[in-house]
Amino acid sequence: PSPTPSPPRTELSRSKTSTGKTIIVEGNIGAGKSTFLNYFRRYKNVEILKEPVDEWKNVAGYNALDLMYKDALRWSAAFECMVTLSMLKHHQNSKKPHTLKMLERSIYSTRYCFMENLRESQLIPSVDYSILKEYHKWIDLHEDIHVDLIVYLRASPDTCVQRMKKRNRSEETGVPLEYLQALHRLHDDWLLHGKRGKLPAPVLVLDADKDLPELQEDIASYSHDILGGLT
Ligand code: DCP
């Protein structure tokens, strides 16, 4: 972005903030979605819905995330089914109906990036993929999954690998670079190249290869547009 000065870091007044709107924050594993979302915690009228990774790690005592990485062919459909439900809840639930809602990921990246990656890499049996697709088709037709803005934190797969190593989530230790490269391409295909049809909302692309302080500055300089530009 152009070197615009950071906006004042005060809470935006309710009147200035778009309410009842939904922003989804997308990007590869390790791209920095959590950092981005944490920045907006300072605004009272922004509701942040992070991915419930801890729930996925404890489904009736089973670590579904770990199972999926250890044996994708057996468990990826069950895992993506769980993620789909989490995302649907996030699209629909709002504890505070008059706030601006920010979601970490969405039902769209589940379908266009993760499910697609599993299919292309033959890590999901085709009957499982077809069943999941049926769920998504139905959701598309019958549920309210509208979004108003997509923030795409675009980081190179190499950056993502470094960040994943740093945070050291045990389930992800065996994730190869190729997996991140494929997810990167699928995010680009969806959000930059229009390969998944009409996008559900405009896309704001941020260069997430930048290191944390620099990225924070960009987030700060865009925050006013993000929060106020949707009315
Ligand atoms: N995941 C998946 N399928 C999905 C969504 C997520 O397999 N539909 C997996 C990928 C990661 C974990 O769940 O191993 C969490 O993924 P995210 O990239 O969404 O979240 P991060 O915490 O990695 O994001 P960031 O590092 O950008 O904050």
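In what order do the strands of the open sheet stand? The order is β2-β3-β1-β4-β5.

This is a predicted model, in which local features need pLDDT of at least 70, side-chain atom pairs count only at pLDDT 80 or more, and totals for chains, interfaces and linings use all residues. Residues are numbered from 1 along each chain as its sequence is written.

**View 1. The open sheet has 5 strands with parallel pairing.** Strands are DSSP runs (E, at least two residues) and helices are runs of H or I (at least four), numbered from the N terminus; two strands pair if DSSP finds at least two bridges between them. At the edges, β2 (46–49) and β5 (203–207) each pair on one side only. From one strand to the next, the twist averages 20°, taken between axes fitted to C-alpha atoms, with angles from 0 to 180 degrees between N-to-C directions.

**View 2. Strand β4 (residues 149–154) runs parallel to β5.** The two are joined by 5 bridges. Opposite R154 stands D207 of β5.

**View 3. The largest nonpolar core has 52 residues.** Such a core is a set of buried Ala, Val, Leu, Ile, Met, Phe, Trp, Tyr and Cys residues joined through C-beta atoms within 7 Å; buried means that 20 or more other C-beta atoms lie within 10 Å of the residue's own, with C-beta atoms placed from the backbone. I23, V25, M102, V151 and L153 have the most contacts inside this core. Helix α5 (residues 107–120) gives the largest share, 7 residues.

**View 4. The ligand is surrounded by 16 residues.** Each has its C-beta atom, placed from the backbone, within 6 Å of the molecule. I29, K33, S34, T110 and F114 are the closest. Elements giving two or more residues to this shell are α1 (33–39), α4 (72–92) and α5.

Notes
Buried ≥ 20, exposed ≤ 12 C-beta atoms within 10 Å, placed from the backbone.
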